[in-house]
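Subject: Handover of a structure

Dear colleague,

Please find the structure below, together with its sequence.

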Amino acid sequence: MHRLGPRAERPVSATPAVAADDLPAGSERPKVLVKEKIGDSGVALLRQHFDVDVGVDWTDEELAERIGAYDGIVIRSATKMTGELIDRAERLRVIGRAGVGVDNVDVEAATRRGIVVANAPESNVVTAAEHTMALLLALARNIP
């Protein structure tokens, strides 16, 4: 996992950046929004540590209205985390990008707000390799 932003010096680990254990007694667990489709096992893992909402069918307007309630968001490539959207996210502390690059995140705006921006560049390499092999086999057998 590659991290950008003001907290980049923190070591990468499986420990959540916003852990429920870090909250004062009586506080609610951090809320995370999964904005785009990720594997069910990934959502289940998040639910072990956070209160998770899945908003894959939310419009951009609905996201803008509701993002202020979340401490973290998981996106892929379709969701654009603009400076305006980041400014509306009063509680947001982490933007997790499931995939390569962070070109759909205004990293400068996130950094100004002290929000950690992280991506998982190797998260889809196995899938990409499997797809490549399938295309090679289809071409070798003249399937197209």
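How do the residues of the lining of the second largest pocket divide into nonpolar, polar and charged? The lining holds 4 nonpolar, 2 polar and 6 charged residues. Here Ala, Val, Leu, Ile, Met, Phe, Trp, Tyr, Cys and Pro count as nonpolar, Asp, Glu, Lys and Arg as charged, and the others, Gly among them, as polar.

The model is predicted: local features need pLDDT of at least 70 and side-chain atom pairs pLDDT 80 or more, while totals for chains, interfaces and linings use all residues. Residues are numbered from 1 along each chain as its sequence is written, and side-chain values use heavy atoms, with hydrogens and water left out.

The pocket

The second largest pocket has a volume of about 210 Å³. Its lining includes Lys35, Glu36, Asp60, Lys80, Glu84 and Arg88. Helix H2 (60-66) and helix H3 (83-88) are the elements that give two or more residues to this lining. A pocket is an open set of points on a 1 Å grid over the protein atoms alone, where a 1.4 Å probe fits, with protein on both sides within 12 Å along at least five of seven lines; lining residues have an atom within 4 Å of a point. Points are joined across faces, edges and corners, and the volume is the space filled by probe spheres set on them.

The fold

The protein has 5 helices and 6 strands, in the order β-β-α-β-α-β-α-β-α-β-α along the sequence. Helices (H or I, at least four residues) and strands (E, at least two) are DSSP runs, numbered from the N terminus. Of the 144 residues, 35% count as buried, meaning under 20% relative accessible area with a 1.4 Å probe and protein chains only; exposed means over 50%, and partly exposed lies in between.

Two residues

Ala109 lies in helix H4 (residues 107-112) and counts as buried because its relative accessibility is 1%. Leaving aside residues up to four places away in sequence, Ala109 touches Gly83 and Ile86, a contact being heavy atoms within 4.5 Å. The C-alpha atoms of Ala109 and Leu85 are separated by 9.6 Å.

Asn142 is in the segment after H5, and its phi is positive, near 55°, in a residue other than glycine. With 65% relative accessibility, Asn142 counts as exposed.

Yours sincerely
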